[in-house]
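Me: I have this one open and have not looked at it before. Can we go through it step by step?

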Amino acid sequence: MLGCPDLDIDTNFFDAGGSSLLAPRLVRALREMGSNLTIKDLFRYPTVRQQARLLASREGSSLGLPGKSAPTDSRAAAIRRALRVGSF
């Protein structure tokens with residue numbers, strides 16, 4: 001999506017080339033993975049680390065992983081995979 005093969009988890013989505021046009025695509029890709037991240041969340045929490053922490057704090061936002069017990073690192077990896085998908 002962003003053309004960055006190896007994003008750091010502290011890189012801001014918008015600083016890495018993300019835009020308000022790409023935000024809905026990222027949210028949709030994450031929802032397909034079981035996330036409940038919203039576009040508003042993406043603007044409020046623009047880094048992978050912030051998004052993973054937010055999702056870890058919410059029940060039922062497992063990105064295909066077990067509830068709140070899933071490590072934030074696993075959530076961050078799922079978000080990074082979604083950002084790298086080239087079909088956007």
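**Core, helices and rings**

Reply: The largest nonpolar core has 18 residues, and Phe13, Leu26, Leu30, Ile79 and Leu83 touch the most other members. A nonpolar core here is a set of buried Ala, Val, Leu, Ile, Met, Phe, Trp, Tyr and Cys residues joined through side-chain atoms within 4.5 Å.

Me: Which helices each supply at least two residues of this core?

Reply: Helix H1 (23-32), helix H3 (48-57) and H4 do. Helices (H or I, at least four residues) and strands (E, at least two) are DSSP runs, numbered from the N terminus.

Me: What is this model, and how are residues numbered?

Reply: This is a predicted model, in which local features need pLDDT of at least 70 and side-chain atom pairs count only at pLDDT 80 or more, while totals for chains, interfaces and linings use all residues. Residues are numbered from 1 along each chain as its sequence is written, and side-chain values use heavy atoms, with hydrogens and water left out.

Me: What is the mean pLDDT of the chain?

Reply: The mean is 76, and 70% of the residues reach 70 or more. pLDDT is the predictor's confidence in each residue, from 0 to 100.

Me: OK, overall make-up. How many helices and strands?

Reply: Four helices and zero strands; from the N terminus on, the elements run α-α-α-α. Buried residues make up 40% of the 88 residues in the chain.

Me: Which residues of H1 are buried?

Reply: Ala23, Leu26, Val27, Ala29 and Leu30 are buried in H1. They cover an arc of only 160° around the axis, which puts them on the same side of H1. The arc is that of the directions from the helix axis to the C-beta atoms. After H1 comes Gly34, whose phi is positive, near 100°.

Me: Back to Phe13. Buried or exposed?

Reply: Phe13 is buried, at a relative accessible area of 2%, while Phe14 is partly exposed, at 25%. Buried means under 20% relative accessible area, exposed over 50%, and partly exposed in between (1.4 Å probe, protein chains only).

Me: Why is the pair of Phe13 and Phe14 rings edge-to-face?

Reply: Their centres are 4.9 Å apart and their planes at 80°, so the pair is edge-to-face. Rings of Phe, Tyr and Trp (its six-membered ring) pair if their centres lie within 6.5 Å; planes under 30 degrees apart count as stacked, over 60 as edge-to-face and the rest as tilted. Ring pairs link Phe13, Phe14 and Phe43 into a cluster.

Me: What is Asn12 in contact with?

Reply: Leaving aside neighbours within four places in sequence, Asn12 is in contact with Pro46 and Thr47. A polar atom of the Asn12 side chain also lies 2.7 Å from the backbone nitrogen of Phe14. Asn12 is in the segment before H1.

Me: And Leu7, where is that found?

Reply: Leu7 is found in the segment before H1 and counts as buried, at 6% relative accessibility. Leu7 and Arg80 are 73 residues apart in sequence, with their C-alpha atoms 6.9 Å apart in space.

Terms used. A polar contact is a pair of N or O atoms within 3.5 Å; within protein, one must be able to donate a hydrogen and the other to accept it, and residues adjacent in sequence count only if both atoms are side-chain atoms. Contact means heavy atoms within 4.5 Å.
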